[in-house]
Amino acid sequence: MSWGQDQQNGATFAHHRGCFSTSQWPPTDQAAAFDRHVLACVFYLAFEEVEAGKATATEATGLSRADLRDVMTRYFPAVPVNAFALEKLTDPEPDMEEGLLRGLLIGHARPGDPASTLFAKIIARRSLRNDHLWQDLGLFNRAELSRLMARHFPALAAGNTKNMKWKKYFYRKLCEAEGFSLCTAPSCQECGDFESCFGPEEGESHLARIKNGFALD
């Protein structure tokens, strides 16, 4: 696949992403369009990581080759199915940590919705990155991530009543499922590291950095 075709494919995802305003969510009757927006964000970031030699498409997304083919065919028919050179890739092998995160998310996924399972795999893989989860998904802001969680993992999202950072919340739920807690503070209000769990998740989106000419870390 040529560099020019890579650029065109990346531009297709950028076009989908650009259809949404940074200050407005799509109306609730456009839920499928919102899913496409999130996938466009993730896939655009994946293209950048593949181009930079940082990951393969399966490594960047946590999706299998079959999953990637399905997403491309269903959500982005204008992009060639072989845009990620799938025939050269191997399916991802989640380690224990990612497997636990997948299990948590899939266990709370919206029943009967294949998209929820796809997002569970993507979120589990991107949760292993170092920045805020909304940034590592390529989203505009944390509010978009919260909407994604409410849409595809409603029971899990409903439990985050204190607006805890999503990565922290996932690991808290995993600890609770195992019957223990890594936190030694008697309560959140008495914790000396309160900001690490509940502080603001501000910053520039990764795709904005790319647009402004900054390389991915």
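Visitor: Which residues touch the most other members of the largest nonpolar core?

Guide: This is a predicted model, and in its largest nonpolar core, a set of 46 residues, those with the most contacts to other members are Ile123, Met149 and Phe170. Two or more residues each come from H2, H4, H5, H6, H7, H8, H9 and H10. Helix H2 (31–51) contributes the most, eight residues.

Visitor: What makes Met149 a residue in contact with others beyond its neighbours in sequence?

Guide: Contact asks for heavy atoms within 4.5 Å. With neighbours within four places in sequence set aside, Met149 has such contacts with Leu105, Ile123, Pro154, Leu156, Ala157, Trp166 and Phe170.

Visitor: What puts the buried residues of H5 on the same side?

Guide: The buried residues of H5 are Glu98, Leu101, Arg102, Leu104 and Leu105. They span an arc of only 165 degrees around the axis, so they lie on the same side of H5. What covers them includes helices H6, H8, H9 and H10. On the face turned away from that buried side sit Met96 and Gly107, both exposed.

Visitor: And how do you know that the span of H5 is close to the expected one?

Guide: Helix H5 runs over residues 96–107, and its 12 residues reach 16 Å from the first C-alpha to the last. The expected value at 1.5 Å a residue is 16 Å, and the helix is close to that.

Visitor: What is found at the start of H5?

Guide: A side-chain oxygen of Asp95 comes to within 3.3 Å of the backbone nitrogen of Glu97. The cut-off for a polar contact is 3.5 Å, so this pair falls inside it.

Visitor: Which residues of H4 are buried?

Guide: In H4 (residues 65–75) they are Asp67, Leu68, Val71, Met72 and Tyr75. Their arc around the axis is only 130 degrees, which places them on the same side of H4.

Visitor: Why is Asn163 called partly exposed?

Guide: Its relative accessibility is 47%. Buried would need under 20% and exposed over 50%, so Asn163 counts as partly exposed. Asn163 sits in the loop between H9 and H10, and its phi is near 60 degrees, a positive value in a residue other than glycine.

Visitor: Where does pLDDT stay under 50?

Guide: Residues 1–6 are one such stretch, with six contacts beyond four places in sequence. Residues 19–28 are another, with 15 such contacts. The protein chain averages a pLDDT of 78, and 69% of the residues score at least 70.

Methods:
Residues are numbered from 1 along each chain as its sequence is written. This is a predicted model: local features need pLDDT of at least 70, side-chain atom pairs count only at pLDDT 80 or more; totals for chains, interfaces and linings use all residues. Side-chain values use heavy atoms; hydrogens and water are left out. Helices (H or I, at least four residues) and strands (E, at least two) are DSSP runs, numbered from the N terminus. The expected span of a helix is 1.5 Å times one less than its number of residues. Buried means under 20% relative accessible area, exposed over 50%, partly exposed in between (1.4 Å probe, protein chains only). The arc is that of the directions from the helix axis to the C-beta atoms. A polar contact is a pair of N or O atoms within 3.5 Å; within protein, one must be able to donate a hydrogen and the other to accept it, and residues adjacent in sequence count only if both atoms are side-chain atoms. pLDDT is the predictor's confidence in each residue, from 0 to 100. A nonpolar core is a set of buried Ala, Val, Leu, Ile, Met, Phe, Trp, Tyr and Cys residues joined through side-chain atoms within 4.5 Å.
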